[in-house]
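Dear colleague,

Please find below the sequence and structure that I am handing over to you. I would be grateful if you could look through them before reading my notes.

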Amino acid sequence: MAEISSSVTRSGPSIASASEHLVEVVQELSLARSLERVMQIVRTAARQLTGADGATFVLRDGPHCFYADEDAISPLWKGSRFPLGACISGWAMLNRQHAVIPDIYKDPRIPHDAYRPTFVKSLVMVPIRKSAPIGSIGTYWAHERVMPPEQLKLLQALADSTSIAMENVELVSNLERRVRDRTAQLEAVNRELEKFSYSVSHDLRAPLRSISGFSEAVLEDDGENLSDGSKAALGRVVAATGRMGELIDALLGLAKLSQSPLALERVDLTALAREVFEALEQANPGAKVDVTIHDSMLVEGDAPLLRVALTNLIGNAWKFSSKAASPHIEVGSRPVDGTVEYFVKDNGAGFDMRYAERLFGAFQRLHAHTAFEGTGIGLATVARVVARHGGRIRAEGKPGEGATFAFTLGPTVVATGVA
Ligand SMILES: Nc1ncnc2c1ncn2[C@@H]1O[C@H](COP(=O)(O)OP(=O)(O)OP(=O)(O)O)[C@@H](O)[C@H]1O
Ligand SMILES: [Mg+2]
């Protein structure tokens, strides 16, 4: 009872005050965001809770114990590694139980030579996470001592809280690492896109201006000497260079997409899809593609960006189904999770689903350039347009059977409990 009345005695603080202190320590541990902080809290708490002359924080490092941190009246083994089988912290981890040793020189589990230079005469070692220990907490006294069972319980409670704190630190640092990796990936993609936009504007704009300029000059200066067919063909060249110029501008705009606000308006995706197919049919007069476009697909969005997205998705469907026996492309919509999903579906070359996510990265291609031409920027562009509208895009495919690219243009309503 003497222990309870005085707050600190030679055998440590009273159980009541130690319990109170433990509650504070657990709160502190729950806020710790690094292993260093956890160790700092625990080594101090272990000493204060038990009134010990020293405390160590030992981590399991494969087949070794690593004395990672300590708080003691004179140095112990901070920074040292010992085989698990050659030290008492290893014994506690391997046997998943505490060791209470009133006199270390009478216990055969103790490597006496390692203790002789230290003040230690008695000790208590508890494993951190009993089910599968990841470390242990040691408390040491300069005199012979048996730890009271209540104090031992407190120490084990500290070790249990420590294991939760360590798991939290790992979870948080994993999450932080994933966010960092993801951000780095996104930044790399953005840099690639910006580089691409830069080279598009500088390398392609000048020849494009020549093509349209010289075609217009021929039409103006020599138009009367040309056949109607040639004039129409040149007219298409001029129109196509105009469209290409628009695409280039859209790409350049995309590079700055995150800064510029969307110009939202009512957009008729049905009409837009028809225009895209008309252009493809004009550019490939012999192609026999069976096209289905759903009616009245009206959305709220940025018209030039949605045109870029549809041009890419339909262009892909056209390209990757061009070798099918009877190509069929469907552009449609369907209700999904409380919102509407728009899709472009074809019965062409398809792809292996294992690489579905990769397709949206810049310059990622699954088909050889010799089989289907392309640079691999299209879907990265579409993904950015969709993301900018707050939507999601996903791809489904099967080699030889076709592909479907489906996107939403607003946040999906997700069922409770499903991330
Ligand atoms: N409809 C589709 N069917 C099968 N595979 C597709 C389809 N659409 C895209 N892919 C795959 O995704 C890759 C990336 O598509 P993306 O549009 O980004 O590039 P690309 O069409 O090859 O080149 P670019 O669009 O820059 O001209 C393609 O190379 C192809 O492997
Ligand atoms: Mg493409």
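The notes below go through the domains, the cores and one of the sheets.

Please keep in mind that this is a predicted model. The domain assignment gives domain 1 (2–176) and domain 2 (261–419). The centres of domain 1 and domain 2, taken over C-alpha atoms, are 59 Å apart.

In soluble globular proteins, nonpolar side chains tend to be buried together. Here, the largest nonpolar core holds 44 residues, and the members that touch the most others are Val42, Ala46, Ile137, Leu155 and Leu158. Several helices and strands each supply at least two residues of this core, among them helix H2 (15–31), strand E8 (135–141) and helix H6 (149–222). Helix H3 (35–50) gives the largest share, seven residues. Beyond its neighbours within four places in sequence, Ala46 is in contact with Ala52, Ala55, Ile137, Thr139, Leu155 and Leu158. A second, separate core has 39 residues, including Phe196, Leu313, Phe320 and Ala403.

I also examined an open sheet of five strands, whose order is E10-E12-E13-E15-E14 and whose pairing is mixed. Its edge strands, E10 (290–293) and E14 (393–398), each pair on one side only. On average, neighbouring strands of this sheet are turned by 20 degrees against each other, direction ignored. E14 and E15 (residues 402–408) pair in the antiparallel sense over six bridges, and Gly402 in E15 is the bridge partner of Lys398. Helix H8 (residues 269–283) packs on the sheet and touches E10, E12 (328–336) and E13 (339–346). The direction of H8 makes about 165 degrees with that of E10.

With kind regards

How values were computed
Residues numbered from 1 in each chain as written. Chains lettered and ligands numbered in written order. Predicted model: local features only at pLDDT ≥ 70, side-chain atom pairs only at ≥ 80, totals over all residues. Core = buried A, V, L, I, M, F, W, Y, C linked by C-beta atoms within 7 Å. Buried ≥ 20, exposed ≤ 12 C-beta atoms within 10 Å, placed from the backbone. Helix = DSSP H or I, 4+ residues; strand = E, 2+ residues; numbered from the N terminus. Contact = placed C-beta atoms within 7 Å. Domains from an automatic or database assignment. Pairing = 2+ DSSP bridges. Axes fitted to C-alpha atoms, helices over the stretch in contact; angles between N-to-C directions.
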